[in-house]
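Here is a short briefing on the model shown below.

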Amino acid sequence: MIVVMQKGATQEQIDHMIQRVEELGLKAHPIYGTERTVIAAIGDKRDEDRHSLESGPGVSAVVPILAPYKVASIEVKPERTVVRVGPMSVGNCHLGIIAGPCSVESEEQTLSTARAVKAAGATALRGGAFKPRTSPYSFQGLKEEGLKILAAAREETGLPVVTEVMAAADVPLVARYADVLQIGARNMQNYRLLEEAGASGTPVLLKRGPSATMDELLLAAEYILNAGNQNVMLCERGIRTFETHTRFTLPLATVPYLHERTHLPVVVDPSHGTGHTSLVPRMSAAAIAAGADGLILEVHPDPEKALSDGYQSLTFQQFEETMQLCRKVADAVGKRIEAEEETLARQPA
Ligand code: PEP
Ligand code: MN
């Protein structure tokens, strides 16, 4: 349930109600809005608890949360969450563009890609050092050596690094190098990993499992939020259907659907969602038109020679063209592809 405080409730009243919620054996998540504060009371709810909270000082109302997910629900926090990672902002009017190779293959490949995507306007660098591959015989990633290469690319370009963590035990290592922990589609329901990523406090990009429902995605996000990490981005990356003309089927209705139900930003991955380079530019534009808060795109200096996912990777030139197209659509729907600081700097005083 949600304890909605009155406008102008004092900090003392808020603290008192947090304590009351905890005394009832519930977890208290205070959310400080610009208008008023609400306290999400999470746990097994009983009606008598609700009535006893209603009479608390500074309380306006106590209402049940109808969705199965709680902290992720828009019922608890009507204001959109903006995830800020160094110079990148994702959410509300800020569009993040995360671009880079599927896998970190070498220093030269990663650094040249980082320079190219930065020059074209990307706001973060992606690249896998730990790769979840369908076959154990495929390239598995450079692991810590790959993380070091990503850190060197960040050092040179200033782009924050988004990279996958595949196991709970690897979270401390990956979080030492990464600005955003990517939880891959195959691991969306690895609950120990979700909890560890939550506890690390590092922002998380949570990819939808190829056969996960929206409620399952939001409940997975709830694990991270409940561990105290509010910086969660959801990612639609395509689902399994009977269709074979694309690698996965990319359902863009996910974006407005999630925006109706959660305050968390929604990122779209047209690279994995289509599996074909030629389809990526238009589906990137379509994702932004659908209201996406960010894109994650695979870019490679020489896709033909890529060690993974070359068939869906953009060349530097194609990425530059995709950015030009995306900027037009972003303008039309009131989104900005730039770091928030730049946006603020341009506003008249
Ligand atoms: C990736 O981003 O390279 C990746 C493996 O994605 P997914 O988990 O969506 O398959
Ligand atoms: Mn990939």
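In what order do the four strands of the open sheet lie? The order is E2-E3-E1-E4, and the pairing is antiparallel. This is a predicted model: local features need pLDDT of at least 70, side-chain atom pairs count only at pLDDT 80 or more, and totals for chains, interfaces and linings use all residues. Residues are numbered from 1 along each chain as its sequence is written, chains are lettered from A and ligands numbered from 1 in the order in which they are written, and side-chain values use heavy atoms, without hydrogens and water.

**Open sheet**
- Helices (H or I, at least four residues) and strands (E, at least two) are DSSP runs, numbered from the N terminus.
- Two strands pair if DSSP finds at least two bridges between them.
- Strand E2 (27–32) and strand E4 (59–63) are at the edges, each with a single partner strand, so one side of each has no neighbour in the sheet.
- Strand E1 (residues 2–5) pairs with E4 over four bridges, in the antiparallel sense.
- Within that pairing, Val-4 has Ala-61 in E4 as its bridge partner.

**Barrel**
- Eight strands form a closed barrel, E7-E8-E9-E10-E11-E12-E13-E14, with parallel pairing.
- On average, neighbouring strands of this sheet are turned by 25° against each other, direction ignored. Axes are lines fitted to C-alpha atoms, for helices over the stretch in contact, and angles run from 0 to 180 degrees between N-to-C directions.
- Strand E11 (residues 204–207) pairs with strand E12 (residues 232–236) over four bridges, in the parallel sense.
- In this pair, Lys-207 stands opposite Cys-235 in E12.

**Manganese site**
- Cys-102 (SG), His-272 (NE2), Glu-298 (OE) and Asp-309 (OD) coordinate the manganese ion (ligand 2) at 2.0 to 2.4 Å.
- Donors are N, O and S atoms within 2.8 Å of the metal (3.2 Å for Na, K and Ca); water is not among the atoms, so sites may look incomplete.
- The donor residues are spaced C-x169-H-x25-E-x10-D in sequence.
- Glu-298 counts as buried because its relative accessibility is 0%. Asp-309 is also buried, at 9%. Buried means under 20% relative accessible area, exposed over 50%, partly exposed in between (1.4 Å probe, protein chains only).

**Ligand 1**
- Of the 13 residues around ligand 1, Arg-126, Lys-131, Ala-185, Lys-207 and Arg-237 come nearest. A residue is near if one of its heavy atoms lies within 4 Å.
- Arg-126 places a polar side-chain atom 2.8 Å from an oxygen atom of ligand 1.
- For Ala-185, a polar backbone atom is 2.8 Å from an oxygen atom of ligand 1.
- Glu-298 has a polar side-chain atom 3.3 Å from an oxygen atom of ligand 1.

Notes
Polar contact = N/O pair within 3.5 Å; in protein donor to acceptor, adjacent residues only side chain to side chain.
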